[in-house]
Amino acid sequence: YGAAHDAITFECDNKDFDAKWQLGFSANSADMPGTATLATKKYRNLGFFMFSKNFGNAFTLNFTDLFETYENGLSTAIYGRNTVGLNPVVNYKGLTFNGSFYYQHGTPAVFNTEDQYDAMMFTADLSYKTGILKAAVGYDYYSGEAYDDDQTDDKNKVFNTYMHGGHLFFGNTDFHLKLYGKNRGLTNINFKLSADLSK
């Protein structure tokens, strides 16, 4: 979005663990693209914390916390969104499991509503490699609004990838993952088979 930042980052790298903590403040006062006159929205702050711990060669556990704040252009109220998640990675004799679970909460400040985020995303990928062949099966889930949801519970169930990041993972299947209005979720089941012929 062309936002400018003043930021400070702390990093700690160790043999068995890595940790990163970053705090940023937007120096750009312009409204975010896609926000109408009656729903102006200014991006303000970004907080990021990541912790990665190795438990031997077979197991790694990653923790991530991402916090964003926005300013409502009409009332100058500050709204926040927090995304927190775990990512375990297991490698054992050619078998690899890579899973993620993220939960999102906070206030979206879209169209000046007081709805609360209550969304989740999880993925699971299992693969096995033997010789030149590798086979994998995966499952991805983004929560969303049901078609007949009247949204009277003031819950925003649409998992929101930060800065439209879902396109990196889902390619053209993420065209319906919008930021505003009623949105559907995503369920993606995939099977992959590959061969390394370089040898």
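The side chain of Thr60 makes a polar contact with the side chain of Asn54 at 2.9 Å, a polar contact being a pair of N or O atoms within 3.5 Å in which, within protein, one atom must be able to donate a hydrogen and the other to accept it, and residues adjacent in sequence count only if both atoms are side-chain atoms. The model is predicted, so that local features need pLDDT of at least 70 and side-chain atom pairs count only at pLDDT 80 or more, while totals for chains, interfaces and linings use all residues. Residues are numbered from 1 along each chain as its sequence is written, and side-chain values use heavy atoms, with hydrogens and water left out.

Thr60 is found in strand β4, residues 59–72, where strands (E, at least two residues) and helices (H or I, at least four) are DSSP runs numbered from the N terminus. Thr60 is buried, with a relative accessible area of 19%, since buried means under 20%, exposed over 50% and partly exposed in between, with a 1.4 Å probe and protein chains only. Leaving aside neighbours within four places in sequence, Thr60 is in contact with Ser52, Lys53, Asn54, Asn87, Pro88 and Val89, contact meaning heavy atoms within 4.5 Å.

**The chain as a whole**

The chain has one helix and ten strands, and from the N terminus on its elements run β-β-β-β-β-β-β-β-β-α-β. Of its 199 residues, 32% count as buried. Among contacts with a separation of 6 or more, 48% are between residues 24 or more positions apart.

**Salt bridges**

A search of the whole structure finds two salt bridges, each defined as a side-chain nitrogen of Lys or Arg within 4 Å of a carboxyl oxygen of Asp or Glu.

| Salt bridge | N to O distance |
|---|---|
| Arg81 and Glu68 | 2.6 Å |
| Asp125 and Lys192 | 4.0 Å |

The pair of Arg81 in strand β5 and Glu68 in strand β4 links distant parts of the chain, 13 residues apart. Arg81 counts as buried at 6% relative accessibility, and Glu68 counts as buried at 1%. Asp125 lies in strand β7 and Lys192 in strand β10, so this pair ties together parts that are 67 residues apart in sequence. Here Asp125 counts as partly exposed at 24% relative accessibility, and Lys192 counts as partly exposed at 47%.

**Aromatic pairs**

Seven aromatic pairs are counted under the rule that rings of Phe, Tyr and Trp (its six-membered ring) pair if their centres lie within 6.5 Å, with planes under 30 degrees apart counting as stacked, over 60 as edge-to-face and the rest as tilted. The rings of Tyr142 and Phe159 have their centres 5.5 Å apart and their planes at 65 degrees, so this pair is edge-to-face. Tyr142 lies in strand β8 (residues 133–142) and Phe159 in the loop between β9 (155–156) and α1 (167–170), so the pair ties together parts that are 17 residues apart in sequence. Tyr142 is buried, with a relative accessible area of 2%, and Phe159 is buried as well, at 7%. Phe122, Tyr139 and Tyr141 form one aromatic cluster.

**The nonpolar surface patch**

Val90, Tyr92, Leu95, Phe97, Leu126, Tyr128, Val137, Ile189 and Phe191 make a nonpolar surface patch of about 860 Å². The elements that give two or more residues to this patch are β5 (78–92), β6 (95–106), β7 (116–130) and β10 (186–195). Patches are made of residues with over 30% relative accessible area and no salt bridge, like charges being joined within 9 Å and nonpolar side chains (Val, Leu, Ile, Met, Phe, Trp, Tyr) within 5 Å. Phe191 has its place in strand β10 and is exposed, with a relative accessible area of 67%.

Key: Areas by Shrake-Rupley, 256 points an atom, 1.4 Å probe, with all protein chains shown as cover.
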